[in-house]
Amino acid sequence: MKYWIITKNDVFSNQIKEQIISKLHHSLDEICPDVIVAIGGDGTFIRAVHQYPNAIIFGLHTGNLGFYTNYTIETLEQLIEDLNEEKYKMDSLDLLQCKINSKNRQFVDFAINEFTIIMSPKTLTLNVFIDHEQLETFRGTGLCISTPYGSTAYNKSLHGAILDPKVKALQLTEIGGINSNAYRTISSPMIISCDREIKLETVWQEEVCITLDNRAYPVHDFESATISLALQKVKIGYHTMPNFIQRIKRAFL
């Protein structure tokens, strides 16, 4: 088994990294590892997902928020034993697939937490379609589409719902929607079945900012974005998976 370690890059996390390397019996491989150990918080875990989407990722919590991390400093020796003996368990997490179209560019990327589209300081106007049927014309700052795990990230700060990861769904949440006598939006988070497709079409081609987790893309002459559940999944390794309520309490209470 080949492994690589990504850290939060603080002193403590780097010390833990050296400790793990000294005790693991497997070979280090930065190019094509089978396993990634992400030492830090959720930001480090997400960075690992984007750098190594095909690896099994083990999260070790040393950061501020550890919703994705299944090991702590107290269970460090258990992590080392699980990796050395290759007796860990594995689960799969859903990803969003996002197809972005502009006048001169097309690209496809993925997100484990959320996709957002914003345009500031101007008002963004988007036609919102679900399975090719128009839901509304949105006007406001932007929109956020999140996975169940991502429902506890930016979506939560937008007063979106926290979804149990066992609920296979997408969540569409407004960012600063405008509601007046002239304009109307759905004006509440919307839970959508995971087998549906969400399409956002611009009314006027302008520059927008699109984010996929912690990555941002300025898109000139934006035309449309199509968001759906990806066929690919993220593999996460663990010894004992905290249940949903434990995760919520550990992260927020």
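**Entry: ground rules.** I am reading a predicted model, in which local features need pLDDT of at least 70 and side-chain atom pairs count only at pLDDT 80 or more, while totals for chains, interfaces and linings use all residues. I number residues from 1 along each chain as its sequence is written, and side-chain values use heavy atoms, with hydrogens and water left out.

Entry: The charged end of Lys 17 sits over its ring, 5.7 Å from the centre.

**Entry: aromatic pairs.** I pair rings of Phe, Tyr and Trp (its six-membered ring) if their centres lie within 6.5 Å; planes under 30 degrees apart are stacked, over 60 edge-to-face, and the rest tilted. I get seven aromatic pairs by this rule. In one of them, the ring centres of Phe 67 and Phe 252 are 6.4 Å apart and the planes stand at 40 degrees, so I list the pair as tilted. The two residues are 185 apart in the chain: Phe 67 is in the loop between β4 (56–61) and β5 (71–72), and Phe 252 is in helix α5 (residues 244–252). For such labels I take DSSP runs numbered from the N terminus, with helices (H or I) of at least four residues and strands (E) of at least two.

I then looked up accessibility, where buried means under 20% relative accessible area, exposed over 50%, and partly exposed in between (1.4 Å probe, protein chains only). Phe 67 has 3% and counts as buried, whereas Phe 252 has 30% and counts as partly exposed.

Next I took Tyr 68 and Tyr 149, an aromatic pair that is stacked, with 5.3 Å from centre to centre and 15 degrees between the planes. This pair also links distant parts of the chain: Tyr 68 is in the loop between β4 and β5, Tyr 149 is in the loop between β10 (133–146) and α4 (154–157), and 81 residues separate them. Tyr 68 is buried at 2%, and Tyr 149 is buried at 12%. I note that ring pairs link Phe 45, Phe 67, Tyr 68, Tyr 149 and Phe 252 into a cluster.

**Entry: strand β13.** Strand β9 (residues 124–130) pairs with β13 in the antiparallel sense over five bridges, and Ile 130 stands opposite Ile 198. Strand β16 (residues 222–238) pairs with β13 as antiparallel over four bridges, with Thr 226 opposite Lys 199.

**Entry: the largest pocket.** I work on a 1 Å grid over the protein atoms alone: a cavity is a set of points where a 1.4 Å probe fits but cannot get out, a pocket is an open set with protein on both sides within 12 Å along at least five of seven lines, and lining residues have an atom within 4 Å of a point. Grid points are joined across faces, edges and corners, and a volume is the space filled by probe spheres set on the points.

The largest pocket holds about 340 Å³. I find 16 residues in its lining, with Asp 91, Tyr 149, Asp 164, Pro 165 and Lys 166 nearest its centre. Four lining residues, the largest share, come from β6.

**Entry: the cavity.** I find one cavity of 30 Å³ or more, and the space in the largest cavity is about 40 Å³. Its lining includes Thr 202 and Trp 204.

**Entry: positive phi.** Most residues other than glycine have a negative phi. I noted His 159, with phi near 70 degrees, in the loop between α4 and β11 (169–177). His 159 is exposed at 70% relative accessibility. Asp 213 has a positive phi of about 60 degrees and is in the loop between β14 (208–212) and β15 (215–219). Asp 213 is buried, at 10%.

Key
A charge sits over a ring if NZ of Lys or CZ of Arg is within 6 Å of the ring centre and within 35 degrees of the ring normal. Two strands pair if DSSP finds at least two bridges between them.
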